[in-house]
Amino acid sequence: MFTLAEVASLSDIQPTYRILKPWWDVFMDYLAVVMLMVAIFAGTMQLTKDQVVCLPVLQSTVNSKVQPGTSEKADFTTVETATAQGEEASMRTVSSGSAPTVTPDIFLSTATTFQYQSTESDQELKKEQKDSSGRKTNLDFQQYVFINQMCYHLALPWYSKYFPYLVLIHTIILIVSSNFWFKYPKTCSKIEHFVSILGKCFESPWTTKALSETACEDSEENKQRLTGAQSLPKYVSTSSDEGSPSASTPMITKSGFKFSADKPMIEIPSVTILDKKDGEQAKALFEKVRKFRAHVEDSDLIYKLYVGQTVIKTVKFIFILCYTANFVNTISFEHICNPKVEHLIGYTQFECTHNMAYMLKKLLISYISLICVYGFICLYTLFWLFRIPLKEYSFEKVREESSFSDIPDVKNDFAFLLHMVDQYDQLYSKRFGVFLSEVSENKLRGISLNHEWTYEKLRQHVSRNAQDKQELHLFMLSGVPDAVFDLTDLDVLKLELIPEAKITAKISQMTNLQELHLYHCPAKVEQTAFSFLRDHLRCLHVKFTDVAEIPAWVYLLKTLRELYLIGNLNSENNKMIGLESLRELRHLKILHVKSNLTKIPPNITDVAPHLTKLVIHNDGTKLVVLNSLKKMTNVAELELQNCELERIPHAIFSLSNLQELDLKSNSIRTIEEIISFQHLKRLTCLKLWHNKIVSIPPSITHIKNLESLYLSNNKLETLPPAVFGLQKLRCLDVSFNSIAVIPAEIGLLQNLQHFHITGNKVDVLPKQLFKCVKLRTLSLGQNCITSIPDKVSQLLQLTYLELKGNCLDRLPVTLGQCQLLRKSGLIVEDHLFDALPSEVKEVLNQDTSIPFANGI
């Protein structure tokens, strides 16, 4: 036999699952326990007590007379009377005049009467028979036991016999139906994860902090306490991503703080302190909630299973009620039994009593009452399941009560689980919603970020760039640490891959900041921060994938001098709309665009009158339409790199103020149009490197003011004499071509300071080369030169000499006479340098800062 505790364990679930059991499930569990107790109580009574007691029914009324076969003079002696539980009795009678005969007698009265029989006279015999109150049945004790068993199975209704076991089976089925969704493999894992995450979200310190901050933000009294001495509120921007920007100023509106250049903002400590460990746990919870939502929200198996088990319980209730009601009246105390064993006992009919009838009937009525209550609760559950759409859950109320207006609505099993939790305590859903909000997650990231990136740590990452400016580069952070704005002496700030970057009003403290880099970082700025940037920022670099990533406030920086845009500006989606607002940048001088343009946008002409430098790096996309260049009359520097140009664009010849032209990495084969450059009186630098130029036309000599000519990485085989007619030429770069001879006319370039002919086929250096006494850089590497003339000593201003990759046997000893040449500026094989005399090596090795000769 099993105990109540063992049966009750069937309904046992983990205590943490209680939050998913609404009141009706809990109430039905208690009803099931009571029904189990009814079943076990009824079964115990049936096993411990006699079931039925049967007595034979006599065929006719018999007088208390001596049977015909008995002698009148029979002497009756009273013997031991046996009773079985007050229901059976037997008496053994012995005749004195004949063989003994045993006749059991059954007394109808409950009192035991002793008969004294005498054989002396008939009157005494009649008197004794008259005083007796029982009748002889001629049945023994074992026969009564047999009859009781037979009649229990034949006469007693089946429901009276099996009622406790049916109640037990039905109750177990109901318990299993109530808790099946907690045990089914495809649902229990999701439920287990949900309950685990929900408990952690409820207990997380971040939940309490977020909700308390919401209350503080909504309280006007707390806003006034910002200046109080006893409170410690935190400097928090009240701007949010959902704030609607004004039409003229596309940035975050900010209330509660006003921009003041004289009084920079100082962060006040927060009321609630969130340590690093709690912050890491909260970030992990955000990730778990995100993954759990993606896993659960795509199906409704839990909902269907719960509806199915509720329907099963309802059908079970109807079934139990229907058949049980029919058998209530079958449980009675008296029953007539016809066992058909006359050949064994001699009687055909017995009248039996069911001792447990009254108790079982009362238990049955109690059970029916319990099952009715259980059924009505099942019907209510079905009404609740179909009354509202449980596969949709809205956090509208939570959004209204908190500052997290971005909490998304959920659906399917995720929504159903939250509806079930609401039946337990709606505070669970409210706290859980905090971990569905991106705004909440961003706030948490900001707090964790500020814990990690302190002022001291940021100071260690500040470096000096090539322009000797203090620079800070932040890469792949969750946001911009508040301590950044305390670096008041910072000149350059680079933010890369920081999608949630926000520039607060505290940037007004950075009075030295003039250059800002935003690489894949659509930063948002507060109103007062924008006002500061508009007045102080001079240089802005923006790198993006799509034009929509360019912050709208960029086009309103009216004092901006330099703008660098790197990204896709020619996709079908944006149609170059990113440059429409450039007309507002009235002080823009330098525009650098690295993109894939097919034409120079007409909108760029809005800033053309005041542009002095235009750079277009086109990443291999062919630039076709260049007519807009004609309007850029003030452009002094123009770079059209990697634009697949095949000829020099004619629009360039209209740029009368052009001083430097760079056409690097194009497909230019001929430069016959170079004659038109004679109209560009201010052109001093021409860069035609990394093209496919085969020859230089003689007309190049008409560019009288040319000082720098870059023709490296082309297909030149000769240098025409016309090149050496450019008397003002200071830099000539013809590296990596196929030039075999350096013409003697090179000696005419008396102002030449830098000559690069690396990577050609030169084998002999003309003596006229060393007449260019102003040479400071001479690159002769990777040629076929066999010797260096001693006249190299005439190059007294030489600081850099490249000879590596030639066929030299030795270096001239006269190298020691080049006063400014040092070993660091001599690029040559080690064995050639080691072969020099020691005094020459000593001169080249000495480290002294000798002033340049001739005032250079």
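Colleague: Is Ile-668 buried or exposed?
Modeller: Ile-668 is buried, with a relative accessible area of 0%, where buried means under 20%, exposed over 50% and partly exposed in between, using a 1.4 Å probe and protein chains only. This is a predicted model, in which local features need pLDDT of at least 70 and side-chain atom pairs count only at pLDDT 80 or more, while totals for chains, interfaces and linings use all residues. Residues are numbered from 1 along each chain as its sequence is written, and side-chain values use heavy atoms, with hydrogens and water left out.

Colleague: OK, and where does Ile-668 lie?
Modeller: Ile-668 lies in the loop between β21 (660-662) and β22 (685-687); strands (E, at least two residues) and helices (H or I, at least four) are DSSP runs, numbered from the N terminus.

Colleague: What is Ile-668 in contact with, leaving aside its neighbours within four places in sequence?
Modeller: With those neighbours left out, its contacts (heavy atoms within 4.5 Å) are Leu-645, Glu-646, Arg-647, Ile-648, Leu-663, Asn-691, Lys-692 and Ile-693. Arg-647 is 21 residues away from Ile-668 along the chain, yet their C-alpha atoms are separated by 5.2 Å.

Colleague: Switching to His-419, which helix is that in?
Modeller: His-419 is found in helix α14, residues 412-424, and counts as buried at 13% relative accessibility. Beyond four places in sequence, His-419 is in contact with Trp-384, Pro-389, Leu-390, Glu-392 and Tyr-393.

Colleague: Which residues does Phe-755 touch?
Modeller: Not counting residues up to four places away in sequence, Phe-755 touches Leu-732, Val-734, Ile-742, Ile-746, Leu-769, Leu-775, Thr-777, Leu-778 and Ser-779.

Colleague: Last topic: at what angle do α6 and α9 cross?
Modeller: The axes of α6 (residues 185-203) and α9 (residues 276-296) cross at roughly 150 degrees and come within 11 Å, so the two helices are roughly antiparallel to each other. Angles over 145 degrees count as roughly antiparallel, under 35 as roughly parallel, 65 to 115 as roughly perpendicular and the rest as oblique; the axes are lines fitted to C-alpha atoms, for helices over the stretch in contact, with angles running from 0 to 180 degrees between N-to-C directions.

Colleague: And which residues in α6 meet α9?
Modeller: Lys-190, His-193, Phe-194, Ile-197, Lys-200 and Cys-201 do, and on the α9 side they meet Leu-285, Lys-288, Val-289, Phe-292, His-295 and Val-296.
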